[in-house]
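Subject: Handover of a structure

Dear colleague,

Please find below the structure that I am handing over to you.

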Amino acid sequence: MSSPAPPMTAAARRPASPSVPLVGGARLPLAFIACGLAAFAIEAGWLAIEPSLLSLPYLHPRLVALVHVWLPGFLLSISIGALYQLMPVVLGAPLRVAARWLWWHLGLHAVGMTGLAGGFMRAQFGWVAAGGGLVAIGVGIMIVAVWRTFFAASRRDAAAWSFPLAASWLGATVLLGVTLALARRWSWASLPVPVTDLLRAHAHLGLAGFFLTLLQGTTFQLVPMFTMGEVRRPRFVWAGLLATQAGLLLLAPGLAWRMECLGRLGALVLAGGMACSGLALRATLASRKRRVLEPGIRAFVTGAGLLAAAAMGGVALVFLPGGTEWTMRAISAYGVLAIIGGLGFTVLGMLCKIVPFLVWMRVYGPRVGRQPVPVATSLSSRKCEKGWHAAHLAGVVLLVAGVLAGSPPVVMAGGLALAAGAGLFLASILRVIIHLWRPQMPATAAVRMPVSLS
């Protein structure tokens, strides 16, 4: 993070406008990230204390509560904070929405997520619908901000398109989720398809529609920036993004209406899109000038590999007969691999880079040239990040193996490893965040800028 960004190919050479500031002085993205990390701590502790949750049927309210603390509570909160900061920089245009509306989004999201998780815990679907409704209103604010900013900018490559596409899929996800909660609350028997099938479609709209779409664009902005590389094979970047959109348009109705042929075709097309993105990522990493990957980038690459493994598992699941005990275990293991493994590693890996950047720019950026400041990469703890990577990976492997084998002791060991990794990660982040209140001014420190988010 201490060297200027290298030249890039045409797909990533459009720099941000120098007039684009930190969003909300970095307070807004950091506030979303803080909410997400709080949910991460709760989730890891909960799973360590009650690992038997992963042995429950995947539609059990307590397991669904656990999933929602992890997905919209943890991963979505962090992704929204990163999106609000990264999008105007990528597009070279400020967010086209008043700052107060973004803070309203934060409040709606935090309160809504609390009601959502609490409602699932108590099987009170009125609470779930109310909490989901607040989350949906916040997402509506985000969709308006994203599309208005997109139309105001001129950049139209895959990285730019990933923002409005991901936001739109997220809108569809939360609307379907609220509809399902209302159906459970009022016992609607007139839904055109079984609720269980709609839940499968709801889950994949969020996983592939929002998270995967966002990753397939922003990866090719962030990875070259942090590794001093350049985007390679931009056609594969486009192919990956487009195939994911097409695959999801086939997969979601195929799952909802139990149209096996459509669902299988959608899964294959979506997996093909992920393969294209993987080839582009491999070529981009091969161009890097920093040969040794830092812990955050290594974690991101690990997550990408686990997402590829989850994609292969998902394809296998749509071809397997449903209803058997082993298939039910495989579905739970697939969820662990994709959510805790793939998305957990990719989001937290990039957070290892983004949080120090935001804190450094807020605390030390204005002081550059006037007094010595610490190097941005010195804010976090490399030892804690490496320990988190090892513990988190061990936890994912043990959880997947334990769920597939139906072994509570192995699942318990996985939950404990995951909690240990979470503690190490949060300790490193806390070391960074403390600079907001206790800046360090080493007398002989060299002034070194972090890599710009451009």
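A cavity, as the word is used here, is a set of grid points where a 1.4 Å probe fits but cannot get out. In this predicted model, a search of the whole structure finds five such cavities of 30 Å³ or more.

**The largest cavity**

The volume of the largest cavity is about 250 Å³. It is lined by 18 residues, and those closest to its centre are Ser79, Ala82, Leu214, Leu215 and Thr218. Three helices each supply at least two residues of this lining: helix H2 (61–91), H6 and helix H10 (325–363). H6 provides the largest share, with six residues. By class, the lining of the largest cavity holds 14 nonpolar and four polar residues, and no charged ones.

**The second largest pocket**

The second largest pocket contains about 320 Å³ of space. Among its 19 lining residues, Met274, Ser277, Gly278, Ala304 and Leu307 are the closest to the centre. Helix H6 (195–227), helix H8 (260–286) and helix H9 (295–319) each give at least two residues to the lining of this pocket. H9 gives the most, namely seven residues. The lining of the second largest pocket consists of 13 nonpolar and six polar residues, with no charged residue.

**H6 against H9**

H6 and H9, which both contribute to the lining of the second largest pocket, also pack against each other, with their axes 11 Å apart and an angle of about 150 degrees between them. Angles over 145 degrees count as roughly antiparallel, and H6 and H9 are therefore roughly antiparallel to each other. H6 passes H9 in a left-handed crossing. On the H6 side the contact involves Leu215, Thr219, Val223, Phe226 and Thr227, which meet Ile297, Phe300 and Leu307 of H9. Six of these contact residues are nonpolar and two are polar, while no charged residue takes part.

**H5 against H7**

How do helix H5 (residues 158–186) and helix H7 (residues 234–256) cross, and at roughly what angle? Their axes come within 10 Å and cross at roughly 15 degrees. Angles under 35 degrees count as roughly parallel, and H5 and H7 are therefore roughly parallel to each other. Their crossing is left-handed. H5 contributes Ala158, Trp161, Ser162, Leu165 and Trp169 to the contact, and H7 contributes Val237, Trp238, Leu241, Gln245, Leu248 and Leu249. The contact of H5 with H7 comprises nine nonpolar residues, two polar residues and no charged residues.

**H1 against H3**

Helix H1 (residues 27–49) and helix H3 (residues 99–121) have axes that come within 9 Å and cross at roughly 15 degrees. H1 and H3 are therefore roughly parallel to each other. The crossing of H1 and H3 is right-handed, whereas that of H5 and H7 is left-handed. From H1, the residues Arg27, Leu28, Ala31, Phe32, Cys35 and Trp46 meet Leu102, Trp103, His105, Leu106, His109 and Met121 of H3. This contact has nine nonpolar residues, two polar residues and one charged residue.

Yours sincerely

Definitions and conventions. Residues are numbered from 1 along each chain as its sequence is written. This is a predicted model: local features need pLDDT of at least 70, side-chain atom pairs count only at pLDDT 80 or more; totals for chains, interfaces and linings use all residues. Side-chain values use heavy atoms; hydrogens and water are left out. On a 1 Å grid over the protein atoms alone, a cavity is a set of points where a 1.4 Å probe fits but cannot get out, and a pocket is an open set with protein on both sides within 12 Å along at least five of seven lines; lining residues have an atom within 4 Å of a point. Grid points are joined across faces, edges and corners, and a volume is the space filled by probe spheres set on the points. Helices (H or I, at least four residues) and strands (E, at least two) are DSSP runs, numbered from the N terminus. Ala, Val, Leu, Ile, Met, Phe, Trp, Tyr, Cys and Pro count as nonpolar, Asp, Glu, Lys and Arg as charged, and the others, Gly among them, as polar. Axes are lines fitted to C-alpha atoms, for helices over the stretch in contact, and angles run from 0 to 180 degrees between N-to-C directions. Angles under 35 degrees count as roughly parallel, over 145 as roughly antiparallel, 65 to 115 as roughly perpendicular and the rest as oblique. A crossing is left-handed if the near helix is turned anticlockwise from the far one by less than a right angle, and right-handed if clockwise. Contact means heavy atoms within 4.5 Å.
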